[in-house]
Amino acid sequence: MDVDSFLDSLRNSRHYHDQIVRVEQIPARPARFATPAIKLQPALQSALQNLGIKELYTHQAEAVDAVASREDTVIVTSTASGKTLCYNLPVINTLLADPTATALYIFPTKALAQDQAGALQQLFAADSRLAHIKVSTYDGDTPRSRRKVARTGASIILTNPDMLHSTILPQHGRWSREGFLRNLRYVVIDELHTYRGIFGSHVGSVLRRLRRVCQPDCEPTFICCSATIANPAELAATLIGKEVRVIDDDGSPRGRKHFVLWNPPFVGRDNLERRSANVEAQYLMHDLMKLKVPTITFAKTRVAAELIYKYLYESLERRHPELARRIKPYRGGYLPNERRAIEQQLFSGELLGVCSTNALELGIDVGSLDAAIVVGYPGTVCSTWQQVGRAGRRSEDSLCVLIAYNEAIDQYLMRNPSYFFGQSPEHASLDPFNQQIFAGQLRCAAAELPVGPDDEAYFGPGVTRRCQELMQTQSGDESWYRFESGDTYRFGLTSGALPHHQLDLRMIGHETYSIVDTSEGTEPQTIGQVDSISALELVYPHAIYLHEGQNYFVRHLDLDANIARVEKTDLDYYTQVVLSSNARVIETLKSEPYNGGMKHFGGLDIAWQSVGFKKIKYHTLENIGQESLDLPALNFVTTGLWVVPPESAMNQVAAAGEQPVEGLVGIRNLLLVTLPMLAMCDPRDVSGLLDSSNLGCRAMFVYDRYQGGLGYAKKGFQFFGELLGVCLEMVEQCPCASGCPSCVGLPNLRPPLQHDPDLTGGYAIPSKAATTLLLQEWTRPT
């Protein structure tokens, strides 16, 4: 791709209004090769030769030797650097030498497991002497008739953490007797960087349970692969419970990459609103499609991915109809066969472009792409580089564009591009022994095998005390049975059901809703699925549900049968839900004064409800109507930070003729931007509100949006002063006069899970003067 010529054409187009903030050129890098010290089996060497692989990159050779020495390792190299061979080569080399050995490959998604199964089959097909090695996927889509065949006959099983937790570990006795767990030599953890937060904390306990049930027969070697993060050794060690060796000498080649920061122009003379980032993405992708440049566009939400696709399809259909049929949207919620078909079409080159959520951020092989467009900062430096790394998977030049939304963090990066390009990737954190998470995991472990003092090697000191506490908390619950024998403990459900099935590793909700097309003249057909929490924010009555660019009107949401019945429609608008929420303090764990005010940390009961929705006109984003909703409220118990600013600071704001409450709203909005930067969580993992019913005075609440909490708000409590300093820097740097969405933000309580980030207009923006003055007074040394 001739990137320089393309950028020149953009600058000369009628849509260009100085959107290019910066073009960062990342230089090309030549390949570096090495030969492993151990000798690969002849059949494996032959297969590599037949696939055109004459030499190994330095990191691949180092990984082969480390794993052969039974070292637990984590490989940390760039996207498309050949990490797959880092584990496939030592695993297959061992299987050729010892046909009884087995390996378990764990991927965060079913799609990634299916993709890697295909890569293994391609390797085996390269030499007939590898054909006897049996590989099987083992996930929720695997028919029961094939599960026993996989369990008893496969040398390599590819699965996900959910299946390991809910199906393999509860049946570990059978898996050991039939040989797979008894002979387990290797456990591969791909996409290690995704195992952070609540999901990673659960998986950390699941992997300790796996190691535990393998004893005394074996202690598998762990091979982890990760995108670039700041603390790969710490993350891997915390996840698997063992120290690891880091391999990060990336020997793979890289073509020159042109990284463009693109800021949509202002619309209107007040310089408050910017042009739609979704429309900007459509313009860019349209021009790339005309040049037949294979392109992927990443959107932050399902709604945004569908909107970009819809706008692009309509644009191409008018001018280049043959290209309109070569683009597709891709996101969670599609049926598995739809996603597989899109992946295959993209890999084969049948598709020229795809509009995706971060569902394609992980290492699914989608062929060679020359351009990547990221619409809105993904929330972490790590995710940003993962997404732009999907382009330039060859040695040629590639183009990456980050399009900013009119939001605080996006605009901060546009004003400070050196911050992004000079920023090292964030620390990823998890806590397998988080009290809320570990209690459920301990019940599962004690249902698999009795838990006693020897298990401190897996679950840490005091594990028997935690069992005793569980015995006490469940003493009045007749649904559980508890058995204590000396210093060992067992737990289970009196119904005979597995406790594993009551524990969701991803904490999205156990139930799903089916989305059924009941359009007149057609047979009812399921076109998608959505989790139970998102359902009330996405397929509520009279909502517009977008699927592959087609509008569907939600005729009815059946809360008992978990079905949303939809019909095709040609309405010219989409919908966005309106939420209401409140917080109740249930326990104060810590309280400290801060600069004349108070900060607190503890337990909160959060309730929220979908109370209405807006009708948003396509392209123009006009609000053309609103309806109310009567849906049940949802609630959860979590941990949070709540603060009361110093009375003197509030008085200073009032004396300046400003509303102190607007200053608090502005600070809350800024904290919800800065805290995820510190805690390396998704901005949607935290939320906040203002409330005066708990303390008798107005207080600002910031909380984790997960049952039991996961430590994000706790970090906010610990680093509250530093966060306020960053908030002040952000608001002072913003060039606006009185406040805008890119600094003090909007007064809404929290965005829905599937909102359109483009919708920043139509609200009264908090006062920048009030926010700045309150921050200045609050951060002034006392």
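Figure 1. Helices (H or I, at least four residues) and strands (E, at least two) are DSSP runs numbered from the N terminus. Residues are numbered from 1 along each chain as its sequence is written, and side-chain values use heavy atoms, with hydrogens and water left out. Because the model is predicted, local features need pLDDT of at least 70 and side-chain atom pairs count only at pLDDT 80 or more, whereas totals for chains, interfaces and linings use all residues.

**Figure 2. Strand β16 between its two partners.** Strand β16 (residues 353-356) directs Gly353 and Cys355 one way and Val354 and Ser356 the other way, and all are buried. Buried means under 20% relative accessible area, exposed means over 50%, and partly exposed lies in between (1.4 Å probe, protein chains only). In a regular strand the side chains alternate between the two faces of the sheet. β14 and β16 run parallel and are joined by 4 bridges, with Ile296 having Val354 as its bridge partner in β16. Strand β15 (residues 327-330) likewise pairs with β16 in the parallel sense over 4 bridges. Val354 is again the partner in β16, this time of Lys328.

Figure 3. Helix α15 (residues 381-388) is mostly covered, with 7 of its 8 residues buried. The buried set consists of Val381, Cys382, Ser383, Thr384, Gln386, Gln387 and Val388. Among the elements that cover these residues are the strands β11 (257-262), β14 (295-298), β17 (371-375) and β18 (398-403), together with helix α17 (417-422). Pro378 belongs to the loop between β17 and α15 and is buried, with a relative accessible area of 17%. Leaving aside residues up to four places away in sequence, Pro378 touches Ser383, Thr384 and Gln387, where contact means heavy atoms within 4.5 Å. The C-alpha atom of Pro378 is separated by 8.7 Å from that of Asn358, 20 residues apart along the chain.

**Figure 4. Helix α16, a mostly covered helix.** In helix α16 (residues 408-415), 7 of the 8 residues are buried. They are Ala408, Ile409, Asp410, Gln411, Tyr412, Leu413 and Met414.

Figure 5. A cavity is a set of points, on a 1 Å grid over the protein atoms alone, where a 1.4 Å probe fits but cannot get out; lining residues have an atom within 4 Å of a point. The lining comprises Leu10, Ser13, His15, Tyr16, Gln19, Trp262, Glu280, Tyr283, Leu284 and Asp287. Helix α11 (residues 277-290) gives the most to this lining, with 4 residues. By class, the lining residues are 5 nonpolar, 3 polar and 2 charged. Ala, Val, Leu, Ile, Met, Phe, Trp, Tyr, Cys and Pro count as nonpolar, Asp, Glu, Lys and Arg as charged, and the others, Gly among them, as polar.

Figure 6. A cis peptide bond, with omega of about 0°, joins Gln215 and Pro216. Pro216 lies in the loop between α9 (197-214) and β9 (221-226). Arg70, although not a glycine, has a positive phi of about 65°. Arg70 is found in the loop between α3 (58-68) and β4 (73-76) and counts as partly exposed at 38% relative accessibility. Lys292, in the loop between α11 and β14, also has a positive phi, near 60°, in a residue other than glycine. Its relative accessible area of 49% makes Lys292 partly exposed.

Technical notes:
1 Å grid on protein atoms, 1.4 Å probe; cavity = no way out; pocket = protein on both sides within 12 Å on 5 of 7 lines; lining within 4 Å. Pairing = 2+ DSSP bridges.
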